[in-house]
Each structure stands twice: as structure tokens, then as C-alpha cells.
Amino acid sequence: ARKALEKQLIKLLTPNTSIDLLNEIQSKKNSGNSPYVISVVGVNGVGKSTNLSKLAFWLLQNNYRVLITACDTFRSGAVEQLRTHVNNLQKLTEDKNMVELFEGGYGGSDLVSKIATGAIKYAKEKKFDIVLLDTAGRRHNDSHLMQPLASFAKAANPDKLIMVGEALVGTDSVMQAQNFNKAFGAGRHLDFFIISKCDTVGDLIGSMVNMVYATGIPILFVGTGQTYTDLRLSLIHI
């Protein structure tokens, strides 16, 4: 029974299509047209900004220039939080020009798209390889908060849409994943998950199984701690 369960879990968690993020980034870099754009979304408090910074550190380790963009224009302190992360990342790299913060202050939902498109234009001019767009946390069951994601995705047109989910969230993970997956309009959906706080649940992976089963979207990274190195590629992809 144990072997049968293990076989089915591996089958469930194995993505239907291959995801080689570094290869995709390099291919777009070689084309020389524009930077690779990744947008990070999720519910309030799941650790979006922290995991975006972990992702930035992973990309820096692979020698890519990263522009971190503060598209959370609602939460007080969101820009300052990202600035602290960028300062920390600059201290961890030999060349401080490898990572930079792009921000436009605080304001309404119309400002978010302007900041995103401005960051992409700036990154192209300054020859950054990757733009990471940090978005505001929002309740997945609040249509008023979810609605702007479609116009944001249309304006920014990111190469990848990532949702950060929590390992400890429980059964609500299904509704969170489904609502975010359909929030970006026709023809757009989540590309993969980053599951945060895996160090808090041990081998209890029910939330991960629920999210993948409900959406068919794979998990590419898991967060295993609070430092920038505590981001692991999903075992399915190793």
C-alpha cells in the first residue's frame, strides 16, 4: 500500500510539461529583445516578498542581473521591505549592480501597471536579464481585490506567473490556488507554485498535493527557512 501511494503521489506531483526556468531565461537573454519577466502573487502573509528575494538570490547565483520591482503599492512598508531585501542581496554579491530596486511609491491599482511597465522598459535600457514583479497580497475570495490581476497581467505580460502558497494553510489551499489560477483572464494561468514554510510542517505535504491536484499546476520551489539560501527546487524536478 505504501509503495502504491508513493507511486501515485509521484505521478500526481510530476508536471505534464517540462519546466527548465534557467534555460528559458537564457534563451530569452540570447534573443536580446527584452528581459525575462516573472510576477509573484499570493494571499496576504504567505511570504511573497521573502520568497521573491530568495528567488532573486538563486538567480544571482546563476549570474543573472535582477531588477526587483515594488508593485505592492497598497501595504504600508512594502516598498521599504523590498529595499531592505535588495540592500541585503547587494551585500551578498560582488557586484552591487547585479541587483537593483525599481519602485514608484504608493497609490491605487492604476499605478501598479505603470510601475510594472516602467520597470520592464528600464530593465531593457539597463540590460537587466530578469524583472521580478512583487504584487500586493490579496484575499483569494474577494473579487474586488482579485479583479485587478487580469489588467495587471495584460499590461505587464509576464513570462511566468508564480503563486506563493503556504505548506501549513490546510484545506483552504485548494480554493486559493483555483481562484488565483483563473484570475488573470482568458489564456493566462499560473505557471508554477512556490510553497513556503515547508520547514514548519515536516512531512505533512497535504496542502501541496491539494494545490497540484486541484489545478494541475506544478510546484517548482519549496521554501525551507528564513534565509536567502532556504529555497529548494522541488524534488520532482531534481
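Me: Which helix residues meet where H3 packs on H4?

Reply: Please bear in mind that this is a predicted model. From H3, Ser49, Thr50, Leu52, Ser53, Ala56, Phe57 and Leu60 take part, and they meet Gln81, Leu82, His85 and Leu89 of H4. Sorted by class, this contact of H3 with H4 comprises six nonpolar, five polar and no charged residues.

Me: At what angle do H3 and H4 pack, and how far apart are their axes?

Reply: Helix H3 covers residues 48–61 and helix H4 covers residues 78–91; their packing angle is about 25°, with the axes 10 Å apart. H3 is therefore roughly parallel to H4, since angles under 35 degrees are counted that way. The crossing of H3 past H4 is right-handed.

Me: What is the order of the strands in the sheet?

Reply: The order is E3-E2-E4-E1-E5-E6-E7-E8, in an open sheet of eight strands with mixed pairing. At the edges stand E3 (99–103) and E8 (231–233); each has a single partner strand, so one side of each lacks a neighbour in the sheet. From one strand to the next, the twist averages 25°.

Me: How many bridges join E1 to E4, and how many pair E2 with E4?

Reply: Strand E1 (residues 36–41) runs parallel to E4 and is joined to it by five bridges; here Val37 stands opposite Val131 of E4. Strand E2 (residues 66–71) also pairs with E4 in the parallel sense, over six bridges, and Thr69 has Leu133 of E4 as its bridge partner.

Me: In which sense do E7 and E8 run, parallel or antiparallel?

Reply: They run antiparallel: three bridges join strand E7 (residues 219–223) to E8. Val222 is the residue opposite Arg232 in E8.

Me: Which residues of E4 point one way, and which the other?

Reply: The general idea is that side chains in a regular strand alternate between the two faces of the sheet. In E4, Ile130, Leu132 and Asp134 point one way, Val131, Leu133 and Thr135 point the other way, and all are buried. Because six of the six residues of E4 (residues 130–135) are buried, the strand is largely enclosed by the rest of the structure.

Me: Which strands do H4 and H7 lie across?

Reply: H4 lies across E2, E3 and E4, and its direction is at about 165° to E3. Helix H7 (residues 148–156) lies across E1, E2 and E4, and runs at about 165° to E4.

Me: At what angle do H5 and H7 pack, and which residues meet there?

Reply: Helix H5 (residues 109–126) packs with H7 at an angle of about 20°, their axes being 9 Å apart. H5 is therefore roughly parallel to H7, and their crossing is right-handed. Ser109, Val112, Ser113, Ala116, Thr117 and Ile120 of H5 meet Pro148, Ser151, Phe152, Ala155 and Ala156 of H7. By class, the contact of H5 with H7 has seven nonpolar, four polar and no charged residues.

Me: Is Ser173 buried or exposed?

Reply: Ser173 counts as buried because its relative accessibility is 0%, where buried means under 20%. Ser173 belongs to helix H8 (residues 172–181). Apart from its neighbours within four places in sequence, Ser173 is in contact with Ser207, Asn210 and Met211.

Terms used:
Residues are numbered from 1 along each chain as its sequence is written. This is a predicted model: local features need pLDDT of at least 70, side-chain atom pairs count only at pLDDT 80 or more; totals for chains, interfaces and linings use all residues. Side-chain values use heavy atoms; hydrogens and water are left out. Axes are lines fitted to C-alpha atoms, for helices over the stretch in contact, and angles run from 0 to 180 degrees between N-to-C directions. Helices (H or I, at least four residues) and strands (E, at least two) are DSSP runs, numbered from the N terminus. Angles under 35 degrees count as roughly parallel, over 145 as roughly antiparallel, 65 to 115 as roughly perpendicular and the rest as oblique. A crossing is left-handed if the near helix is turned anticlockwise from the far one by less than a right angle, and right-handed if clockwise. Contact means heavy atoms within 4.5 Å. Ala, Val, Leu, Ile, Met, Phe, Trp, Tyr, Cys and Pro count as nonpolar, Asp, Glu, Lys and Arg as charged, and the others, Gly among them, as polar. Buried means under 20% relative accessible area, exposed over 50%, partly exposed in between (1.4 Å probe, protein chains only). Two strands pair if DSSP finds at least two bridges between them.
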